[in-house]
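Subject: Structure handover and findings

Dear colleague,

Please find below the structure that I am handing over to you. My notes on what was found in it follow directly after.

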Amino acid sequence: MRKAILLPFDLDARTGGARVLAQGRPANGEWTADARNTWRDDDGEPRVQFNLRTSAGDSRWGFGVRLRDLTGLPPAAVANVANDVQFSWTREAGTFRFSGSFDQGRGSGTYTFTQDQTFVNNMAAAGYKNLTTDDIIRLAMIDVTIAHVRGLAQAGYPNLTLDDIVRTRIHRVTAEFVRDLAAAGMRGQGIEDLIRFRIHKVTPEFIKAIEARGYQSVPAEDLVKMRIHNVTPEEMDQLKALGFGGMDIDDLVKFRIHKVTPEFIKSMRDAGYVTISEDELVRLRIHKVDAQFIRDARADGFALQSPGDAVDLAIHGPRWKRRGF
């Protein structure tokens, strides 16, 4: 019969369940790594995928690590066969120590994690008390620092949930980013909007460029839509030069969705449709009418005097009445 081990715990107000509290004892478990399939982060350096599992098997994590951050691990060991390797990975929240082996890019073994008590104390002082061992390991993997937490608090985001702290770190929502947005006129945005801004590259520079073209106080949702559909200030300038300045944001997005580009507008004008509306341009694209379609139809005897004629032919085909004959 196994002897039960009693661990310190408190009640988690969110779930009503017990939370095992970190007490400074090392956590341990198993690790695996795959150096054959790497990816590059914004800094351009490749990441190696690591996966951890606690000894009890009740928690699993996956994350990417730069090889140069693994102290004591020769790069050659990862690509070849290496037994009894030992290396470490230190973050502000604590240190992971690994032992095991690699075989042609795949590694496995055991690990221990020792929390940094100064970090734990600083987090408690910032309002994050009674962190569990799993909490601290997660903060270590994402490299949450006390400077990040304090910076967001000073920028107007105190008392964030631990999950939001982690998400802001993952997506690089920093105090500097918040201040730069405020300088661009975007103050008091919710955490969800800040994260979406980072994901879709809604930068202070983009906001200022949009404002310079007459779009003031654009809602966060519209800014995100513009970035998702690649509405650029440069293309807005080109559209304005063609007579389509001051368009609603929804129409700018619609142009991008249906590929109504400045080049397409020019091609329609070259085809004789000098005066053409936004809706007509979109309808032409929806029904796959381009300059070649118009040339071919006219060669077959269809006059296509207006954009509506071209759309009707595209919809009804040869059954459509020939014009001008």
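**Residues with a positive phi**

Lys201 is exposed, as its relative accessible area is 56% (exposed means over 50%, buried under 20% and partly exposed in between, with a 1.4 Å probe and protein chains only). Please note that this is a predicted model, in which local features need pLDDT of at least 70 and side-chain atom pairs count only at pLDDT 80 or more, while totals for chains, interfaces and linings use all residues. Residues are numbered from 1 along each chain as its sequence is written, and side-chain values use heavy atoms, with hydrogens and water left out.

Lys201 is not a glycine, yet its phi is positive, at about 65°. Most residues other than glycine have a negative phi. Lys201 sits in the loop between α7 and α8; helices (H or I, at least four residues) and strands (E, at least two) are DSSP runs, numbered from the N terminus. The loop between α7 (191–199) and α8 (204–212) also holds Thr203, which counts as partly exposed at 23% relative accessibility. Thr203 and Asp180 are 23 residues apart in sequence, and their C-alpha atoms are 8.7 Å apart in space.

Lys288 is another residue other than glycine with a positive phi, near 60°. The loop between α13 and α14 (291–299) contains Lys288, and this residue counts as exposed at 68% relative accessibility.

**Helix α13**

An open sheet of 6 strands has antiparallel pairing and the order β5-β4-β3-β8-β7-β6; two strands pair if DSSP finds at least two bridges between them. Its edge strands, β5 (60–65) and β6 (81–91), each pair on one side only. On average, neighbouring strands of this sheet are turned by 25° against each other, direction ignored. Helix α3 (residues 133–142) packs on the sheet and touches β3 (27–40), β4 (46–54), β5, β6, β7 and β8 (106–115). The direction of α3 makes about 20° with that of β5; axes are lines fitted to C-alpha atoms, for helices over the stretch in contact, and angles run from 0 to 180 degrees between N-to-C directions.

Strands β6 and β7 (residues 94–103) run antiparallel and are joined by 9 bridges. They form a hairpin with 2 residues between them. Ala82 has Phe102 in β7 as its bridge partner, and Thr90 stands opposite Thr95 in β7. Strand β7 is in turn joined to β8 by 10 bridges, again in an antiparallel arrangement. Here Ser99 has Thr110 in β8 as its bridge partner. The hairpin of β7 and β8 has 2 residues between the strands, and Gln104 in this hairpin takes a positive phi near 55°.

**Core and aromatic residues**

Which residues touch the most other members of the largest nonpolar core? Of its 92 residues, they are Phe50 and Phe96. A nonpolar core is a set of buried Ala, Val, Leu, Ile, Met, Phe, Trp, Tyr and Cys residues joined through side-chain atoms within 4.5 Å. Leaving aside residues up to four places away in sequence, the residues that Phe96 touches include Leu52, Phe87, Trp89, Tyr111, Phe113, Ile137 and Met141.

Rings of Phe, Tyr and Trp (its six-membered ring) pair if their centres lie within 6.5 Å; planes under 30 degrees apart count as stacked, over 60 as edge-to-face and the rest as tilted. By this rule the count comes to 16 aromatic pairs. The rings of Trp31 and Phe50 have centres 5.6 Å apart and planes at 25°, so this pair is stacked. Trp31 lies in strand β3 and Phe50 in strand β4, so the pair ties together parts that are 19 residues apart in sequence. Both Trp31 and Phe50 are buried. One aromatic cluster includes Trp31, Phe50, Phe63, Phe96 and Phe102 among its members.

Yours sincerely

Notes:
Contact means heavy atoms within 4.5 Å.
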